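Student: Can we go through the charged pairs in this one? I'd like to know what stands behind each label.

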Amino acid sequence: MPESALQIPDVKLAAMLPILIVLAGAIASTVLGFNLPRRALTIINLVMLVLSGVSMVTLWDSGATAFGGGLQADNAAILLGLTILVGSIMTLLVSLDTAYRARVSFPEFDAMLMYAITGTLLIAFSGDLIVMLIGLEIMSLSGYVLATLQASRRAEESGLKYFLLGAVGSAILIYGIAFVYGATGSLSYAGIAAKASGLTPANVGILVGGALLMLAGFAFKVALAPFHQWTPDVYGGAPTSVSLFLSTVVKVAAFAGMLRVFGGALADAPGWASVLQILTAATLIIGNTAALLQRNFKRMLAYSAVAHTGFLAMCLLGTPQAGGAALGYYLLVYTLMTAAALAVVAALQRDETGMEIDDLRGLYYRHPAYAVALAVCLASLAGLPPFAGFFGKYLAFQAAFQNGYVWISVLAALTSVAALIYYLRPAMLMFMPDRTPAREYPNGQRTPTNFAVVLGVLGVTVLGVLPNIWYGWVQNPAIWLFLAGR
Amino acid sequence: MIHFMIFLPLLGSLLLLITPVRWREEVAGFFAAATLGLGIGIWRAGGADLFSINWVPSLGITYSVALDGVSLTLALVTAFMTLIAILYASRRVANPGTMLALILAMETGLIGIFAARDLILFYVFFEDALLPALLMLAIYGKSHRMRALVKFAAYTLFGSLLMLVSIIGIKSLGGSPTFALVDLAANTVTGPAQTWLYLGFLAAMAVKLPLWPLHAWLPDFHEQNHDSGIPDLMGTLYKVGGYGIFRFGIELFPDASEQLRPILMGLAAFTALYAAWIAFRQTNWKRLLAYAGLSHMGFVALGVFSLNETAVIGAMYLLAFQNVYTGALFLAVGMLQERIGSLDTRVGGVMNQAGALGGLTMALWFASIAVPGFAGFVGEFSILLGAYQVQPWITFVAGLTTIAAAVYALSAFQTTFWQGRPLGGIKVADLHGTEWLVLGLPLAVALFFGVYSAPAINLIQPAVKTVLAALGAN
C-alpha cells in the first residue's frame, strides 16, 4: 500500500453496536419527541436498552475492538456494560410513573437519559484516555441537565452545584491526562501500561503527578471524600428518578473508568494506591458517620451512596484480578439494591424532597409489600446475609485484605457498624405499629415501578443465596488481567 | 434429613404467610413438632455425618453441615424450646401469625449455626438468626425499644464484622483452599497473627455470650421485649457465643487459646460474679433474668476458656440446659405479667391464689441456681471441678456466684410469691390448659437430665474429646 493512500480508520461496527443502539434511542427521542408522547418514547428506549444488552451478550469472548483499540468490547466491558444497562432499565421503569409527578415529563428527559447512558457505555468500553474522557463528558453534561430539568429552586441549585464541581473535576482530570501523556507519550491504556515501568526518574515524577490528578478527578465523579460534598445536595435535590440514575449508573460508569485507568493502564505506576487508601479511609469514616445524622431518608441514601463508594474503592486496592472480580460483582449488587430502594422512595414520597425517616413508621401496616422490599434492600445495603450485599462487602474486604491492606479492612468493619445502625433504624421503624394517618403519596403503586422494585429485590436475594450466578462470570481472572487491552 | 431439620422451620415460616388465619397456630405447631421429630430421628440414627458440597466454588465457600455430639444436643434443645414457644405464643399473643413466622425463621438460623461446619456458612446463619430477633423487638417491643434495638444491633454487628475480617484473614494467611472447618484446621495460622485473628473472632463471640464488658445490650434487649417472654426465650437460645468458641475457636486458634487462657478465664469469672451481684439489685423480673442468664454465661465461658475436658463438657451441658430452664422462666414471668399486669419483683402474695404457678416457678429457679438433682447442677459442678485444676483462684471467685445466685433468686421469689398480699390486689388465676405443658415440660427435662445425665453426656463427651485432641497435637 503506498504511503499517500487514504488511511481508512479502523472502524468496526460489531464492537460499537451496543453503544450505537443506545445512541439511536437517544436520537430517536430527540427527533420523535415532536410527534410521540413521552411514554411511547420511554418504551422504545427500554426496548433499545434490552437490544443493546443482547448485542453485548453476543460479543462475549469475541474480544472485538475498534479504532485501533480505542474502543474495546472485551469481557470486562461487557460485564460492566450489562450492569449499567440494568441500572438504566430500572431508571426508565421508575421514570415511567414518576416523571409526570416530578414535572420532568417531556421528551428531552428521555433524550438526556439516553445520551448519558451512551456516555457511560463509552467509558466502560474505552481503550484509551480520550474515548474515556469523551464518554465521561457526555455523561456529565447530560447529568447536569438532568439534575436541573425540574423547574424548582432545589433542582436548579443542585444542578448548578453539580455543574460547577463537576466541571472542576473534569478540568483536574484532563490536566491529569495531559501529565500522563507527557510522561509516557501515549494515550491508550495498553501503551501507558507498557511504558509505565521503565521510565526515567523525571518522567516517573510526571506520571505520579498525572495519576494523582486523575485520581482527584475521578474522586469527584464517584464521590470519594473529601471530593464528595456535592453528592448529598445533588442526590437530595434532584428528582428521585434522577437521583436513582446518578447514584447507580453514573457511579458504575465512573468506577468502570477508574478500573480501566488504575487497574489497567496505571496498575504498575507508583504512588496512587497509597493516596487512594487514604481517600478510601476518609470516605468510609465521613460517609458513614454523616449518614448517621440524617433525618431525611433520601439524603440518608445519598450519604449511604458515599459510604458505599468507600467499599467499592476498597476493591480497587486489591490486585486487578481479585479487585476487578469484586468490583464487577459489587457494582451489580449495589445498582440493584440502591435502585430498588430509591424506586420505593419514588413511589411513596409526596414530593421530590423524599421522605423523613420518621415518616416510615408503621409503613409495614400500610404498604406491606413495599415495606418488606425496602427492608430487604436496606438489609442488603447493610451487608446482612443472605442478601447479596453481604457477598459484595465480603469480596471488597477480601480484595483489600489479600493485597496487604489489613488496617483498612478493619476500619471498614468498624465504620460498617455505623452503617448498620442507620440502615436498621428506618428498617425497624417500618415494622413498628403506628396509628397516625398515612403520609405517603396515595397513588404511588404502579406496575412499572413495582416491576423495578421486584427486579431489585429478587436480584439481591437470588444473588445472595446463589452468588455464583453472577460471580461465576466475573471471577475469571483472565477478564481483569487485560483491563488495559492486549 | 439434616437439611430438612435446618430448613423445615424456614419453609414453615414462609408457608405461614399464605396460610389462612385460623389455621396458622396449627401449621406452626406442626412444623415445630416435625423439626423436633426430625431431630430425635437424627439422634436415634446416631447423628448426621458431615455433608459437604461447594456453594461458591470460586471463593472456596462450601455448604458443610453436620449434626453430632454437642451440635446435636444444642439443636435438639433449640427445637424443643421452639415448640414450647409456639405452644405458648399461639395462646398468649393476639393475632400471632407474624410472631409464629418469626419464631420459626429464627429456629432455622439457630439450628444452622449449630450445624454449620464452614466459617462463612456459620457467619451467614449467625447473622440470619439476628434478623427475626430484631423484627420481634421492633414489632412487639415496648416504648423504648428503638434504643434497645440500636444497642443490640450495634454490639452484635460490631462483633460479627470483626469476625468477618478475621475469617478472611484465617483463610488468606493460612492458605486453606476452602472455608470448611476441616481444611481450615489443617492449615492453621501460626504466630502472633493467630492471636490477632483470635481476638477478632472473639469479639463476635464475646458479644453473643455475652462477656463483660460487651454485655450492655442484654438487659435492655430483654426489658424492652414483649411481655410474654417468647422473644426472650428465643433470645436466650441466641447465646451461641460459647458454642462458637468451642467449635471454631479452640480448633482454629489453639496457641492463642492457651496463651490468653488466664485473662479470658478471669473475665469470665468476673462476668459471672458481677452479673449475679447486679441481678440482686433488680426489681424488674426481666432484667433480673437477663442478669441471671449473663451470670450463667460467665460460667459457660469459664468452662470453655479453661480448655479442660471436664470443664468443657460441663460448659456445653450447661449451655444446652440453661436454655431450657431460663427460657421457661421467661415464659413464667410472662404468665405472671399477664395476671398482675406488672413485671415488678415486689408484688407479694401471688402464691396464695396461684399455687401451681408459684410452685413451678420455684422449681425452675432451683434448676437455675444449680440445686443438685437438676440439670444446672451437673453443668456448673463439672465446670468448677475442671476449671479448678487449671486456675484454682479464679475458679474460687467464680464459685462465689453460686451463693449470690441463691440470694438473688430466692429474695426476688420471696417478695413476689410469698409476703403479704397487698390490700385490694386483684384475684390471680392459676395455671390452666397449655400453660401446664409450657412450664411442666421444660421442668421435666431439666429434672430428667439432672438425675440421669448419661444420654446427654454420651453425646457431648466424644465431641469435646475430639476438639481438645486437636489442641494437644500442636
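Student: What makes Asp110(A) and Arg38(A) a salt bridge?
Tutor: This is a predicted model, and in it the N to O distance between the two side chains is 2.8 Å. The cut-off is within 4 Å, so the Asp110(A)–Arg38(A) pair counts as a salt bridge. The pair links distant parts of chain A: Asp110(A) sits in helix 4 and Arg38(A) in helix 2, 72 residues apart.

Student: Why is Asp110(A) called buried?
Tutor: Its relative accessible area is 0%, and buried means under 20%, so Asp110(A) gets that label. Arg38(A) comes out at 7%, so Arg38(A) is buried too.

Student: How do you know that Glu309(B) and Lys465(B) meet in a salt bridge?
Tutor: Their N to O distance is 3.5 Å, and the limit is 4 Å, so the pair qualifies. Glu309(B) belongs to helix 16 and Lys465(B) to helix 22 of chain B, 156 residues apart.

Student: Why is Lys465(B) called partly exposed?
Tutor: Lys465(B) has a relative accessible area of 43%. Exposed needs over 50% and buried under 20%, so 43% lands in between. Glu309(B), at 29%, is partly exposed for that reason as well.

Student: What makes Glu435(B) and Arg339(B) a salt bridge?
Tutor: The closest N and O atoms are 2.6 Å apart, which is within 4 Å, so the label holds. Glu435(B) is in helix 21 and Arg339(B) in helix 16 of chain B, and both residues are buried.

Student: How many salt bridges turn up over all chains?
Tutor: Twelve.

Key. Residues numbered from 1 in each chain as written. Chains lettered and ligands numbered in written order. Predicted model: local features only at pLDDT ≥ 70, side-chain atom pairs only at ≥ 80, totals over all residues. Heavy atoms only, no water. Helix = DSSP H or I, 4+ residues; strand = E, 2+ residues; numbered from the N terminus. Buried < 20%, exposed > 50% of the residue type's maximum accessible area, 1.4 Å probe, protein only.
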